[in-house]
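Here are a few exercises to work through with the model open beside you. Try each task before you read its solution.

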Amino acid sequence: MTSETITADAAGTWKLGDLTVSRIGFGAMRLTGSAAFHLGTPSDRQRSIAVLRRAVELGVDHIDTAAFYFSQLRSANELINSALSPYPDDLLIATKVGPYRDYHGEWGTSARPDQLRGHVEENLRQLGRDHLDLVYLRRMHQESVAEHFGALAELREAGLVRHLGLSDVEPRHLAEAQEIAPVVSVQNRYGLGDHAPATREVLRLCGEQGIAFVPFFAVAGQGGARGATTAHDEAVLAVARAHDASPAQVRLAWTLHQGPHVLAIPGTGNPDHLAENIAAGALRLTDEELERLNTLHRAAD
């Protein structure tokens with residue numbers, strides 16, 4: 001594949017609430033260092049800013065971030081603000097609230113419902129905005145999301161938040177939240193190497209209801225926050241060879257083939273990887289290739 005000339009338009013579009021975005025977006029987690037959070041070495045600030053600006057040049061209009069995306073020296077939100085403000089009118093920035101990291105970068109107690117306004121306001125301050133386009137409630141093991149989601153619904157009514165989403169949820173949590181306010185998007189861990197029955201059901205329900213499904217770690221696989229996996233099954237490598245593509249591009253293409261409502265938010269601090277990720281939106285898999293990869297997916301833990 002020739003990555004440099006392919007833009008995000010190649011992946012098609014989907015509506016997040018009343019906002020239309022390309023199905024290939026950008027995840028900001030890897031902007032801050034060689035691995036997420038404090039797991040790697042901090043990134044070069046100017047390189048990260050250049051990656052963000054290049055992403056927008058290549059048609060990316062959906063960026064996923066969070067105030068808790070920071071390393072020893074870098075904050076994803078600050079980088080986004082510095083690189084892209086004043087923001088393009090068609091750029092959707094999605095954030096997540098709920099988890100909390102202290103000044104040392106260690107995970108603390110997740111927010112109570114009454115603390116979520118502070119999380120939203122911190123994202124607003126860091127991004128330099130007066131409202132947030134899309135806010136996900138990241139479930140932190142609680143059985144019910146009603147109180148937390150209800151608190152976000154109040155912030156939506158107050159005009160601080162435009163649209164609401166859920167992250168790391170099961171079908172029952174989606175139904176519970178929908179009794180309170182509209183859900184336009186769901187973010188769960190999902191990819192070629194992840195086969196969780198509950199998430200598969202959420203994927204199906206989202207498709208039926210016109211809700212965007214935005215998986216995270218679709219490329220990273222078992223590498224998770226530490227970075228993309230380097231262990232690729234022969235099925236992935238064979239498809240990659242057939243399309244003169246990288247294994248990461250095949251993983252992204254497979255993800256997008258799971259339904260028109262499925263969006264991808266691959267993250268990177270590398271401009272070459274950025275172009276490759278965006279170009280994956282143009283990769284069309286054959287029925288035979290899809291079935292081979294689907295078989296691999298069904299066999300995953």
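Predicted model: local features only at pLDDT ≥ 70, side-chain atom pairs only at ≥ 80, totals over all residues.

Residues are numbered from 1 along each chain as its sequence is written, and side-chain values use heavy atoms, leaving out hydrogens and water.

**Exercise 1.** Find which residues of helix α5 are buried.

Step 1: Helices here are DSSP runs of H or I with at least four residues, strands are E runs of at least two, and both are numbered from the N terminus.
Step 2: Buried means under 20% relative accessible area, exposed over 50%, and partly exposed in between (1.4 Å probe, protein chains only).
Step 3: In α5 (residues 171-178), His173, Leu174 and Ala177 are buried.
Step 4: Seen down the axis of α5, these buried residues fall within an arc of 100° (taken from the directions from the helix axis to the C-beta atoms), so they line one face of the helix.

**Exercise 2.** Find the salt-bridge partner of arginine 172.

Step 1: Look for a side-chain nitrogen of Lys or Arg within 4 Å of a carboxyl oxygen of Asp or Glu.
Step 2: Arginine 172 meets glutamate 143 at 3.2 Å, N to O.
Step 3: Arginine 172 sits in α5 and glutamate 143 in the loop between β6 (132-138) and α4, 29 residues apart.
Step 4: Arginine 172 is partly exposed at 40% relative accessible area, while glutamate 143 is exposed at 58%.

**Exercise 3.** Which residue in β2 is the bridge partner of leucine 16?

Step 1: Two strands pair if DSSP finds at least two bridges between them.
Step 2: Antiparallel strands β1 (residues 13-16) and β2 (residues 19-22) are joined by four bridges.
Step 3: Leucine 16 is partnered by leucine 19.
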